Amino acid sequence: MMSETSKFTEDILRVATEKARNIIAEAEAETQRASDEAKTSISREAEAIIRNARADAEAVKRREISEARHKSKLREEQEKDTVMGEVLTHAKKRVLDMAEDETKYLPYLTSLVESAIRHLGNETPLVHLNKVDMTRVNRTNLERDVAKALQNPIKIEWSKEPIAAAGGAIVSSRDGKTRIVNTLDERFDALESKLLIEAGKSLFGQ
Amino acid sequence: MSGIETVKIIVDAEKQAAKIIQDAEATAAGIRRKIDSLIQNQRTETLATAKKEAALLVQQAEEEGKREAAGYEKEAAVNTRELIARASTKKSATIEKLVGLVMEEKK
């Protein structure tokens with residue numbers, strides 16, 4: 001009787017102990033799975049942070065270099081502009097100063113007047129000169145030379161009002177409605193963009 | 001042993017078994033509770049390390065970029081100086097050319 005009771009109680013305790021082991025083992029397995037899953041997920045998050053940082057780092061590096069390139073290019077363009085500006089200023093001065101050298105200027109003035117009359121297509125044009133030219137230019141000779149260049153007799157009327165220009169002429173119709181401005185200043189300004197291109201080609205081969 | 005004594009022994013064994021299981025369940029609950037904070041700590045630690053590494057990567061790239069940029073600017077400055085020096089030798093000829101263009105351009 002005694003040994004049967006003892007065996008029975010031993011069985012009860014053995015089953016309970018086994019069940020307890022299972023409960024703990026199950027909890028451990030469950031936490032192990034959760035831990036493994038968490039590790040994978042955390043690792044993915046960390047990898048994403050590093051991956052994004054690599055992309056950011058590349059962009060930061062590219063930006064630094066790109067800014068340096070842009071800054072250098074800008075500086076180069078500014079220095080080139082300065083040189084081209086100087087060249088243009090000197091060229092303009094040379095053109096305007098040419099009005100003081102009559103041997104060069106008078107034939108040029110003749111061609112300016114001739115070309116303006118040709119564009120105007122007017123038989124009795126009104127020619128405007130600056131104050132200096134109004135006194136120093138022999139108008140009869142100029143009219144003759146212009147007619148020769150046009151290969152056509154022409155009657156020029158000379159304006160009594162001087163124009164504000166370093167040289168050259170303004171030729172207008174008698175009613176003043178049509179005007180061809182062939183002053184040295186205007187010609188230079190009109191050609192400025194073309195001259196800048198030529199200066200760039202000549203100075204920098206661009 | 002009387003029948004009563006036998007029943008008492010069995011009841012005690014049942015009580016002991018219930019206690020064993022109760023203790024095991026408490027231990028299991030403790031294990032489950034512990035894993036949550038363990039995971040949270042591990043996450044915080046791992047991500048902090050990753051963020052630190054990420055910041056270092058960006059900082060290193062920025063420094064590298066600045067170094068390369070400084071090198072580029074230095075080289076570009078030399079090239080610009082040479083370009084301007086070469087252009088300066090062509091100034092007079094260019095002025096002549098521009099004056100010629102103004103004079104010869106179809107009026």
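Student: Before we start, how are residues and chains labelled, and what counts in a predicted model?
Tutor: Residues are numbered from 1 along each chain as its sequence is written, while chains are lettered from A and ligands numbered from 1 in the order in which they are written. Because the model is predicted, local features need pLDDT of at least 70 and side-chain atom pairs count only at pLDDT 80 or more, whereas totals for chains, interfaces and linings use all residues.

Student: What secondary structure does chain B have?
Tutor: Chain B has two helices and zero strands, where helices (H or I, at least four residues) and strands (E, at least two) are DSSP runs numbered from the N terminus.

Student: And how far does the C-alpha trace of chain B span?
Tutor: Along its principal axes, that trace spans about 140 × 30 × 10 Å.

Student: Switching to α2(B), which of its residues are buried?
Tutor: They are B:Thr94, B:Ile95, B:Leu98, B:Val99 and B:Val102, buried meaning that 20 or more other C-beta atoms lie within 10 Å of a residue's own, with exposed meaning 12 or fewer, partly exposed lying in between, and C-beta atoms placed from the backbone.

Student: What's on the face turned away from them?
Tutor: That face of α2(B) carries the exposed residues B:Ser92, B:Ala93, B:Gly100 and B:Glu104.

Student: Which residues touch the most others in the largest nonpolar core?
Tutor: Among them are A:Val87, A:Ala169 and B:Leu98, in a core of 32 residues, a core being a set of buried Ala, Val, Leu, Ile, Met, Phe, Trp, Tyr and Cys residues joined through C-beta atoms within 7 Å. The largest share of this core, six residues, comes from α2(A).
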